[in-house]
Amino acid sequence: MGARMAGEKILLVEDNPVNRRLAVFLLRSQGYQVLEAATAQEAFAILASEGPHLIVMDIQLPGMDGLEATKKLKEQPGTAHIPVLAVTSYAMKGDREKALAAGCAGYITKPIDKNTFIQEVAALLGNKSRI
Ligand code: MN
């Protein structure tokens with residue numbers, strides 16, 4: 001994991017503390033720096049001063065949901081370029097399409113499969129220069 005030693009910065013938006021702790025653990029185990037937000041509003045506050053390389057966005061959030069938050073981020077020049085990986089707990093037909101339509105670059109379902117999660121994150125970070 002030498003290429004990861006620089007520790008790309010990832011903003012994790014997840015309201016469930018147990019899920020958040022697991023995702024933080026997995027991301028830090030890969031050498032990433034992790035910023036944590038429990039709501040879209042917290043995420044926007046962090047993004048006012050931080051420029052993460054990737055946002056991992058839970059779709060089911062209290063208040064503004066992850067799809068609406070992603071649409072907002074994609075409308076703003078300061079954050080439009082940051083890839084968003086959507087995470088959802090119910091894989092309903094059409095959810096993937098909704099996430100992609102909102103501007104998400106990738107989509108995974110809960111419960112998080114450790115390997116899929118890490119692979120998706122690495123793929124989106126590797127692709128970021130082409131977005
Ligand atoms: Mn949630």
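Student: What do the side chains of Lys9 and Glu50 form?
Tutor: They meet in a salt bridge, 2.6 Å from N to O. That term means a side-chain nitrogen of Lys or Arg within 4 Å of a carboxyl oxygen of Asp or Glu. This is a predicted model: local features need pLDDT of at least 70, side-chain atom pairs count only at pLDDT 80 or more, and totals for chains, interfaces and linings use all residues. Side-chain values use heavy atoms, without hydrogens and water, and residues are numbered from 1 along each chain as its sequence is written.
Student: Where do Lys9 and Glu50 lie?
Tutor: Lys9 is in strand E1, and Glu50 is in the loop between helix H2 (40–47) and E3, so the pair ties together parts 41 residues apart in sequence. Helices (H or I, at least four residues) and strands (E, at least two) are DSSP runs, numbered from the N terminus.
Student: How many salt bridges does the structure hold?
Tutor: It holds 6. One of them joins Asp58 and Lys110, at 3.1 Å from N to O.
Student: Is Asp58 buried or exposed?
Tutor: Asp58 is buried, at 1% relative accessible area. Buried means under 20%, exposed over 50%, partly exposed in between (1.4 Å probe, protein chains only). Lys110 is buried too, at 17%. Shared partners join Glu14, Asp58 and Lys110 into one salt-bridge network.
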